[in-house]
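Okay, I think everyone's here, so let me get going.

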Amino acid sequence: MASTYVIPTRMELTRLKRKLVTARRGHKLLKDKRDELMRQFLALVRENRALRERVEEAIKAANKNFVLARATMSDEVLTTALMAPKQEIRLETTTRNIMSVDIPVFKVETRTADPNDIYCYGYAFTSTDLDYAVKSLADILPDLLRLAEVEKSCQLMADEIEETRRRVNALEHVTIPDTEEMIHSITMKLDEAERSSQIRLMKVKDMMLEKEHHYKEKLVERAAEKGA
Amino acid sequence: MHKIAVMGDRDSIYGFAALGMEPFPITDPTEAAKKLHQIAEENYAVVYMTEALGSNLQKELDRYRESDLPAIILIPGTSGNTGAGMEQVKKSVVQAVGSDIIFGGDN
């Protein structure tokens, strides 16, 4: 499949051999990287799925309470109740490196010291459904943040795995066979050239000896003598 | 320090506001796309978005898939669970493995 023409010289041969060694080593390393990434990814994606199921379930429950709260309270009261949130979440983001993929790690910081400080309204004019809704959302907050972390990691790793797989395949099915083919063809050409020059030398030697000793004439003479 | 944003219809997201996330009540997809770009430029680490809104912003979601931050996470809204969030997870699996092996795939 070597479509590119290579100059059959020893220098080119050495270069290609060196390239093949590098390609093989790169292929092995990338394959290892892909396998490890895949192992980590599968573990992560399973966690992602479990988390998502849990979070979706909890949000559904919270939304149910929320709808109930809306039904029992007037729009203004609800808006006023949630107008000035007491709590504020800040995330400190760092990254963790898994096989050259930087995945995010979140650390939660809340503005008020007590993370349960979520009810930003007096209880007088609001329904209990609102309390339940807010409480159930607050309960899944850690899961919700973990979900964000895990899901983003999965997305980033999926990207990296795809890229690594392409590179492994390119090396395995294109670069390495091509280089082997080229090395083979150069070796063949060099061998051929060597045989050719060997034969030429032998021929020249024969001709020189013939010129010096006249073997052929002597052979003819001897044959003539025998025949006589 | 990074903030957390919530996008979607007003009813679905105000509960999150009580937790200290920043609500962006938007339902119009074009406006949401604009807002999302603006949010992404700012200091937000996570954007929670309702599935109803996210299903109209597929292009934007794909765009932010590969970037580091923000992480855009789909959550079910008051209109119910459409499965769009799971779809995103499935997409990662298909992209990485080549076929869906986690969800007992139908593709």
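Let me start with chain B: of its contacts with a separation of 6 or more, 57% are between residues 24 or more positions apart. By contact I mean two residues whose C-beta atoms, placed from the backbone, lie within 7 Å.

Before I go on, the ground rules. This is a predicted model, with local features needing pLDDT of at least 70, side-chain atom pairs counting only at pLDDT 80 or more, and totals for chains, interfaces and linings using all residues. Residues are numbered from 1 along each chain as its sequence is written, while chains are lettered from A and ligands numbered from 1 in the order in which they are written.

On confidence, the model scores ipTM 0.83 and pTM 0.78. Chain B has an average pLDDT of 78, and 93% of its residues score at least 70; pLDDT, for the record, is the predictor's confidence in each residue, from 0 to 100. Within chain B, strand 3 is where confidence is highest, at a mean of 84, and helix 1 is where confidence is lowest, at 76.

Now the fold of chain B. There are five helices and four strands, and from the N terminus they go β-α-β-α-β-α-α-β-α. I'm taking those as DSSP runs numbered from the N terminus, helices being H or I with at least four residues and strands being E with at least two.

Is the overall size what you'd expect for a compact globule, or off from it? For 107 residues the rule gives a radius of gyration near 13 Å, and chain B comes in at 14 Å, which agrees. That radius is taken over C-alpha atoms, and the rule is 2.2 Å times the number of residues to the power 0.38. The C-alpha trace of chain B spans about 40 × 30 × 25 Å along its principal axes.

Next, the sheet. Four strands of chain B make an open sheet, in the order 2-1-3-4, with parallel pairing. At the edges sit strand 2 (22-25) and strand 4, each pairing on one side only. Pairing here needs at least two DSSP bridges between two strands. Strand 1 and strand 2 of chain B run parallel and are joined by four bridges; Val6(B), for one, has Pro23(B) in strand 2 as its bridge partner.

Buried means 20 or more other C-beta atoms within 10 Å of the residue's own, exposed means 12 or fewer, and partly exposed is in between, with C-beta atoms placed from the backbone. Across chain B, buried residues make up 43% of the 107.

Helix 1 of chain B is mostly covered too, with eight of its ten residues buried; among them are Tyr14(B), Phe16(B) and Leu19(B).

Okay, over to chain A. Here we have five helices and two strands, running α-α-β-β-α-α-α from the N terminus. Buried residues come to 26% of the 228 in chain A. Of the contacts in chain A with a separation of 6 or more, 81% are between residues 24 or more positions apart.

One residue to look at is Lys189(A), in helix 4 (residues 141-213) of chain A. Why does Lys189(A) count as partly exposed? Because Lys189(A) has 15 C-beta neighbours inside 10 Å. Its C-alpha atom is 9.9 Å from that of Ile7(A), 182 residues away along the chain.

Last stop, where the two chains meet. The contact takes 46 residues from chain A and 34 residues from chain B. On the chain B side, the elements giving two or more residues are strand 1 (3-8), helix 1 (10-19), strand 3 (44-50), strand 4 (71-75) and helix 5 (84-97). Helix 1 of chain B gives the largest share of that side, eight residues. By type, the chain B side divides into 20 nonpolar, nine polar and five charged residues. Nonpolar there covers Ala, Val, Leu, Ile, Met, Phe, Trp, Tyr, Cys and Pro, charged covers Asp, Glu, Lys and Arg, and the others, Gly among them, are polar.
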